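Try each task before you read its solution.

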Amino acid sequence: MQTFLRKFSWKTLFSILLGNFLVAVGTVFFILPEDILNGGVTTVAILLRGLFGWNEVLVIYLANIGLFFLGWACLGKKFAATIALSTFIYPFFVSLLSPLDTAPFSNIDPILSALYSGIITGAGLGLVFRVNASTGGMDIPALLMHKYLHIPTGQCVMIVDSITILSGLPVFGLNSVLVGLVSVMSMTFMINQIQTLGSESAMNVMIISEKWPEIQDYLLEDISRGVTILQGEGAWSKQSRPVLMCVINTRQYAKVQREVGLIDPKAFLIANNVHEVRGAGFTYKDGDL
């Protein structure tokens, strides 16, 4: 374990520890008291408790460790190294928090519990994913399905989570399944937010216009953004013309749209949201280098 820990920076270790702690908080205070089926090992623990009365914390421990060794055997030591810390630290945090009084949380509206459980666990998972680590658990069956059935990984994760959640239908009913899906959606949203945290909100704008030199000067001089000139050709007209590509701050888009329309009312403009942008003018100023 000491050799394993040396491979990680303190920042990485802190992110994994904090991420797993947040997942444990969401599990103990929101998921377990309301029996929220949101996929993963915790849902398996809830199902086994409902069917056989087994202790959830013990099931989480055994399932995580069992899946860890399954991943080690089938996916290799390199993969096992990425989930080793989470495999043991997440059940530890769950067992540490479980003795606390969670009775008040069992009286919360199930929809609110689903939303907050998704937000908290999603934030934790996002922190782990940001440092290129994994929480293991039910990710391992999905990766095994991908390896042996050659199904895209994203679809495998969706299939495993769907089967896990739907397994709770006979035990907890349709309402619990639907509430679980609310938790999954809020969790997915939060994971995306955390993974792009600190990135500048931006838009990629592409402009086709006969007055492209004037628009180019406006983008370069008035809003101080770099411009890339792409060569395009109309499929119908067979005419070549420049395509201006410019990444701008989201708050600048309305101004750019208005000014481009004043320069050339016939200009063709395409705008897309950019999930992350780094470089001069965004993560650092031009004069900082």
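**Exercise 1. A salt bridge and its partners**

Which side chain meets Asp 35 in a salt bridge?

Solution. Before starting, note that this is a predicted model, in which local features need pLDDT of at least 70, side-chain atom pairs count only at pLDDT 80 or more, and totals for chains, interfaces and linings use all residues. Residues are numbered from 1 along each chain as its sequence is written, and side-chain values use heavy atoms, with hydrogens and water left out.

Step 1. Apply the criterion: a salt bridge is a side-chain nitrogen of Lys or Arg within 4 Å of a carboxyl oxygen of Asp or Glu. The partner of Asp 35 is Arg 49, at 2.0 Å from N to O.

Step 2. Asp 35 sits in the loop between helix H2 (10-34) and helix H3 (40-52), while Arg 49 belongs to helix H3, so the pair links distant parts of the chain, 14 residues apart. Helices here are DSSP runs of H or I with at least four residues, strands are runs of E with at least two, and both are numbered from the N terminus.

Step 3. Look for a further partner. Arg 49 also meets the side chain of Glu 56, at 2.4 Å from N to O.

**Exercise 2. The remaining salt bridge**

How many salt bridges does the structure hold?

Solution. Step 1. The count is 3.

Step 1. Arg 258 is partly exposed at 48%, and Glu 259 is partly exposed at 23%.

**Exercise 3. Surface patches**

Which residues make the nonpolar surface patch?

Solution. Step 1. Patches are made of residues with over 30% relative accessible area and no salt bridge; like charges are joined within 9 Å, and nonpolar side chains (Val, Leu, Ile, Met, Phe, Trp, Tyr) within 5 Å.

Step 1. The patch consists of Ile 111, Leu 112, Leu 115, Tyr 116 and Ile 119, and covers about 420 Å². Ile 111 lies in helix H6 (residues 110-130) and is partly exposed at 40%.

Step 2. Turn to charge. Glu 214, Asp 217, Glu 221 and Asp 222 form a patch of negative charge on the surface. Asp 217 is in helix H11 (residues 212-222), and its 35% relative accessibility makes it partly exposed.

**Exercise 4. Confidence**

Where in the protein is confidence lowest, and where is it highest?

Solution. Step 1. pLDDT is the predictor's confidence in each residue, from 0 to 100. The protein's mean is 85, and 90% of its residues reach 70 or more.

Step 1. Helix H1 (residues 2-6) has the lowest confidence, with a mean of 52, and H11 the highest, at 93. Where pLDDT is low, the predicted coordinates should not be read in detail.

Key. Areas by Shrake-Rupley, 256 points an atom, 1.4 Å probe, with all protein chains shown as cover. Lys, Arg positive; Asp, Glu negative; His and termini not counted. Charge placed at Lys NZ, Arg CZ, Asp CG, Glu CD. Buried < 20%, exposed > 50% of the residue type's maximum accessible area, 1.4 Å probe, protein only.
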